[in-house]
Amino acid sequence: MTLGKLQRPQTLLLVNIAQLLTLRSNAAGPRRGKELQQLGIVEQGSVLCVGGKIVSVGPTKDALRDPWIRKNRRNIVEIDCAGKVVLPGFVDSHTHPAFVGPRLVDFEKRIEGASYQQIAAAGGGIRSSLEEVRQATKSELIAKILNALRDMAAHGSTTVEAKSGYGLTVESEMRSLEAIREAADLWPGTVVPTLLGAHVVPKEFEGCSQKYVETVCSEMVPRAARRKLAQFVDVFCDKGAFTPRETEQIFEAARTHGLSLRAHMGQLSETALGPFLRLHPASFDHLDHVSDADVSQLAQHETVATLVPGANYFLGLKEYPNARRLIDAGVAVALATDYNPGTSPTVSMAMAMSLACTQMKMSPAEAISAATINGAWALRLAERKGSIEPGKDADSAVFAVKDYREIPYWFGANLCAITVLNGAIASSN
Ligand SMILES: [Zn+2]
């Protein structure tokens, strides 16, 4: 993927698109139930982007007759998408890119049969990434994050949520967030930064997690907010991480400082969601374990259930989150990669979609809605992202397939040919 001169949006005309998935809809909120099936497909479609925004969408023959396009044709970069599918750029609403190296020891240990908790107890897991991040310079972190963002763009992602969470000291969490911001400035797509100071209780605070929670609430959250380094605060609420009470404390601190909320919930064990819903979190992520009562409650809220099947796949689990139960109950479901070195080292939203189809019985259309417009809702960016409609940001992915169902079908292959990020082109050839 080339990334020269990308920062400036171009005047772009995508034409002859075999299937243009606009994802347009009259739905007032995130897509639920049958709405997830509606991709708003235009055959032989076209998209005009000017100044980083989508200006018009429709059949190619109409675009070619348009007087403005005819008059300005010489200054328009035209992309022939014959035989290809164009869809909104993926919104990867859950990633952990602020790390240094892969966790190959964990990988091998797990293959030998060690559990998540056993690996953590043996000094592996999240804690083993901490030392590297604490010692890394900011420029090392920037390089790692930027590399990941470029890989993500090469796989069709144009909006990426990026969490800190591998430093877990005030200083290293702020450095991770600064690195996320500086990498984002060098990338043409859109990055949504999240403070995940409450990823795990670091060793120094073992046995006195409350003290660490106070550090998160009284130092990390206010600093991240004051310096505008984060839009969201995330908490890993689960056994072995933070309790519901601690999570509420951190959420209250985030709200006090004007930051929005999201949480890792129900990955390893069930936590009652009711007490948190009143705080209007944007998203609960994982939800492998969730009660019927909470599923009904979630269906009444705009809080998105973000499913990350890459983690289940990589951990070798037989069980996946029950997407059918959530969707059929009316919960707004999104898909994300959970890109991280321990449990989901993939940048591929197409892979997450393939797993959603084969392991969670989501249809290809549902998987696409979950990976685009509902991801945008999960980041509170649906006004700008997640569908190809006039007025929205010029984000799209061109796939070298004739039918959108091929995107999750050819698993493990990257069939994304061109990515448009805020009107700037990145292409793999
Ligand atoms: Zn995660």
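Me: The axes of helix α8 (residues 209–226) and helix α9 (residues 244–256) come within 9 Å and cross at roughly 10°. What makes α8 and α9 roughly parallel rather than oblique?

Reply: This is a predicted model; local features need pLDDT of at least 70 and side-chain atom pairs 80 or more, while totals for chains, interfaces and linings use all residues. Residues are numbered from 1 along each chain as its sequence is written, and side-chain values use heavy atoms, without hydrogens or water. Now the angle. Under 35 degrees counts as roughly parallel, over 145 as roughly antiparallel, 65 to 115 as roughly perpendicular, the rest as oblique. At roughly 10°, α8 and α9 are therefore roughly parallel. The crossing is right-handed.

Me: Which residues of α8 and α9 meet?

Reply: Contact means heavy atoms within 4.5 Å. On α8, S209, Q210, V213, V216, C217 and V221 take part. On α9, the partners are E246, Q249, I250, A253 and A254.

Me: How do you know which residues are donors of the zinc ion?

Reply: By distance. Donors are N, O and S atoms within 2.8 Å of the metal (3.2 Å for Na, K and Ca). H94 (NE2), H96 (NE2), H264 (NE2) and D338 (OD) lie 2.0 to 2.5 Å from the zinc ion. H264 sits in strand β10 (residues 260–265) and D338 in the loop between β13 and α14, so the pair ties together parts 74 residues apart in sequence. Both H264 and D338 are buried (under 20% relative accessible area; exposed is over 50%, partly exposed in between).

Me: What makes the phi of Q44 and of L168 stand out?

Reply: Most residues other than glycine have a negative phi. Q44, in strand β2 (residues 41–50), has a positive phi of about 50°. L168, in the loop between β7 and α7, has one of about 60°.

Me: Are Q44 and L168 buried or partly exposed?

Reply: Q44 has a relative accessible area of 45%, so Q44 is partly exposed. L168 has 1%, so L168 is buried.

Terms used: Helices (H or I, at least four residues) and strands (E, at least two) are DSSP runs, numbered from the N terminus. Buried means under 20% relative accessible area, exposed over 50%, partly exposed in between (1.4 Å probe, protein chains only). Axes are lines fitted to C-alpha atoms, for helices over the stretch in contact, and angles run from 0 to 180 degrees between N-to-C directions. A crossing is left-handed if the near helix is turned anticlockwise from the far one by less than a right angle, and right-handed if clockwise.
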